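Hi there,

Here is the structure I promised to pass on to you.

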Amino acid sequence: MKADDIKTIAIIGAGDMGHGIAEICALGGLQVHLYDIKEAFVERGKQRIKASFEKMVSKQKMAAEEMNRALGAITGFTVLGEAVKDVDFMIEAAPEILDLKIKIFKEADAHAPAHAILASNTSNMSITRMGAATKRPDKVLGIHFFNPVMMMLLVEVIHGEGTSEETMQTSYELMSRLKNFRGNMVPVRVEKDTPGFIYNRLGAPIGLYMAELYEKGMVDPEAVDAKVRSIGAPMGPYEIMDFTGLDVNLHGNAYFAETLSPEFEPRGWMKRLVEEGNLGKKSGKGIFDWPGGARPTIDPAKADPNFDVTDIICLQVNEGTKLLEAGVTHSAAEIDKAVVNGGGSVFGPFALAKGMGWDKVAERCEAISKRLGIRWFMPTEMLKKGHIEI
């Protein structure tokens, strides 16, 4: 099957990610089957899509005719078997619970046509285990969009152990032809099924670093975020945690603790805030206050003069070399492409760090590791030897 043969797609889950994926697929000319467990959830997803389109029409960034065509391409379902029975492609966007995803893949496999490709939008869970739950592991892969889907260009195309090259190539081409309100989607191939894939894996040591600094009382979140934003970043690391949800971060860290290193175990401050229901933007309060969902006030005058943003870049480069060593991706340039298009950075970590000298980057990582007592930050052999090409 070629990308041009894909006419109908099922999106499993109409929540934050699911309705955004449905929106971009409808804009791309696909017939969309939007599924959720309750009719109210499906309708809410469709209304959010409609509101997004109407906003674009009001800004004259979209024609009313295009909006009506895209809305007409979306059909709601509350029975999974019916949602997938005549589709060419499926993207599962259910909550990040592996047992739930495996259940969905088993049922979809039983009802979807034999030629249909089944994909998961998971941000870090095992594509291989989902594929193993089906009789078509060669047609199972990861298709990981970023939130908000209509604004973020990156989409990771992820190879499970059983995924065929035909499935990878067809899916890559399909993603390449989709667009959001910023432009053409930018797919990046992930050649091995690994926790966090590329973008979130590079964020893992940053999350660990920031969590540990806060846990030990070594930083003030507002001061750090003010410093990071002072160099042009749209958000600081603590605001990003709040924006994505502290509960999401906690679950992600717990998963990394199971799959990468126990050192990723969620810190006490994060567990406490989640237990209190202070999840960040979604609850109105987390590390910061989000009044009415509005962004927190970060005072530029409070920028921490002692916080060195270079530390973040060095830790990202070191994590990137782990992915290169493992064959998760074949080039540092591909990692930089993922970071630029997934987070809005102007340059990726390798491009930023190259001028420092790889030996200096390695020394910085080792110093951070020893200062905090976290071995995960120790430099790789690739980084120490400087065997990196961009």
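**What I found**

Arg 189 has a relative accessible area of 17% and is therefore buried (buried is under 20% relative accessible area, exposed is over 50%, and partly exposed lies in between, with a 1.4 Å probe and protein chains only). The side chain of Arg 189 meets that of Glu 191 in a salt bridge, 2.8 Å from N to O. By salt bridge I mean a side-chain nitrogen of Lys or Arg within 4 Å of a carboxyl oxygen of Asp or Glu.

Before going further, please note that this is a predicted model, in which local features need pLDDT of at least 70 and side-chain atom pairs count only at pLDDT 80 or more, while totals for chains, interfaces and linings use all residues. Residues are numbered from 1 along each chain as its sequence is written, and side-chain values use heavy atoms, with hydrogens and water left out.

Helices here are DSSP runs of H or I with at least four residues, strands are runs of E with at least two, and both are numbered from the N terminus. Both partners are partly exposed: Arg 48 has a relative accessible area of 35%, and Asp 16 comes out at 46%.

Another salt bridge brings together the side chains of Arg 229 and Glu 239, at 3.3 Å from N to O. Arg 229 sits in helix α9 (residues 221-230) and Glu 239 in helix α10 (residues 237-244), so the pair ties together parts that are ten residues apart in sequence. Here Arg 229 is partly exposed at 31% relative accessibility, whereas Glu 239 is buried at 0%. You will also find a network of salt bridges that links Glu 92, Glu 96 and Lys 101.

Pro 195 is buried, with a relative accessible area of 15%. From Pro 195 to Thr 167 the C-alpha atoms are 21 Å apart in space, and the two residues are 28 apart in sequence. Phe 197 is not a glycine, yet its phi is positive, at about 55 degrees. Phe 197 is buried as well, with a relative accessible area of 0%.

Gln 60 also has a positive phi, near 60 degrees, without being a glycine. Gln 60 is in the loop between α2 (39-58) and α3 (64-72), and at 75% relative accessibility Gln 60 counts as exposed. Pro 148 is placed in the loop between β6 (140-145) and β7 (154-158).

The structure holds one cavity of 30 Å³ or more. On a 1 Å grid over the protein atoms alone, a cavity is a set of points where a 1.4 Å probe fits but cannot get out, a pocket is an open set with protein on both sides within 12 Å along at least five of seven lines, and lining residues have an atom within 4 Å of a point. The largest cavity has a volume of about 40 Å³, taken as the space filled by probe spheres set on the points, which are joined across faces, edges and corners. Among the residues that line the largest cavity are Gly 207, Leu 208, Phe 264 and Arg 267. Helix α8 (residues 199-215) gives the largest share of this lining, three residues.

The second largest pocket has about 190 Å³ of space. Its lining includes Lys 61, Met 62, Glu 66 and Phe 181.
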